[in-house]
Amino acid sequence: MNERIAIIDDEPITRMDIRDIVEQAGYEVVGEGGDGFEAIEICQKQNPDLVIMDIRMPLLDGLKAGKKILEDRLTHSIIYLSAYSDEEDTDMASKIGAVGYLVKPLSERSLLTTIQVGLASGKRDQQLTDRVNALDTKLEQRKLIERAKGVLMQENNLSEEAAYKMLRNLSMSKRQSMSDIAKLIVVDD
């Protein structure tokens with residue numbers, strides 16, 4: 001396993017216990033911190049696959065830090081820990097996008113199962129995000145090519161098919177993608 005995990009908890013003994021469990025299971029711990037600011041800093045530097053984070057910490061709590069971490073896509077998944085199981089915290093954790101919520105004291109089995117599910121969920125989310133981004137890019141390139149065809153049709157009095165062929169031929173002869181050629185054609189349009 002090469003999954004990378006950050007552990008954020010204001011109790012050093014809790015961090016040490018979690019680290020032992022996580023490392024014995026074959027995961028790599030890439031950072032530890034005691035408050036939300038440290039969580040953000042560790043995630044900015046390490047981009048862990050998963051963050052295990054306490055909700056109630058000094059300076060900046062885990063919910064606010066988690067929201068920032070997920071908005072900035074600094075990790076794929078967050079599992080929250082808390083000594084409390086109140087509805088407000090669990091609702092907020094769900095709204096932020098946490099993949100798990102565990103109440104202290106932790107059982108090793110629950111922690112490892114939640115980590116496994118959280119990592120799988122994060123990978124699925126990342127794959128979907130990558131697919132959406134690729135489709136967005138293709139759509140934007142297609143729009144750009146359509147605009148370039150329109151410019152070529154207007155400037156050269158060509159049919160749509162002839163403009164497309166001209167664009168394709170330019171792409172092949174200049175050894176550039178059609179979208180790169182299209183960008184140049186519509187630069188002043």
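The buried residues of helix α4 are covered by elements that include α3 (62-71), β4 (77-82) and β5 (100-103). The model is predicted, with local features requiring pLDDT of at least 70 and side-chain atom pairs pLDDT 80 or more, while totals for chains, interfaces and linings use all residues. Residues are numbered from 1 along each chain as its sequence is written, and side-chain values use heavy atoms, leaving out hydrogens and water.

**Helix α4**
- Within α4 (residues 87-96), D89, A93 and I96 are buried (under 20% relative accessible area, 1.4 Å probe, protein chains only).
- Seen down the axis of α4, these buried residues fall within an arc of 65 degrees, so they line one face of the helix; the arc is that of the directions from the helix axis to the C-beta atoms.
- E87, E88, S94 and K95, on the other side of α4, are exposed (over 50%).
- G97 follows α4 and has a positive phi, near 115 degrees.

**Largest pocket**
- Its lining comprises L70, R73, T75, H76, I96, G97, V99, G122, D125, Q126 and T129.
- Helix α5 (residues 108-156) gives the most to this lining, with 4 residues.

**Residue D9**
- D9 lies in the loop between β1 (4-8) and α1 (12-24) and is buried, with a relative accessible area of 0%.
- The side chain of D9 reaches the backbone nitrogen of E11 at 2.9 Å.
- Leaving aside neighbours within four places in sequence, D9 is in contact (heavy atoms within 4.5 Å) with T14, R15, G33, G34, D54, M57, L81 and K104.

Technical notes. Helix = DSSP H or I, 4+ residues; strand = E, 2+ residues; numbered from the N terminus. 1 Å grid on protein atoms, 1.4 Å probe; cavity = no way out; pocket = protein on both sides within 12 Å on 5 of 7 lines; lining within 4 Å. Polar contact = N/O pair within 3.5 Å; in protein donor to acceptor, adjacent residues only side chain to side chain.
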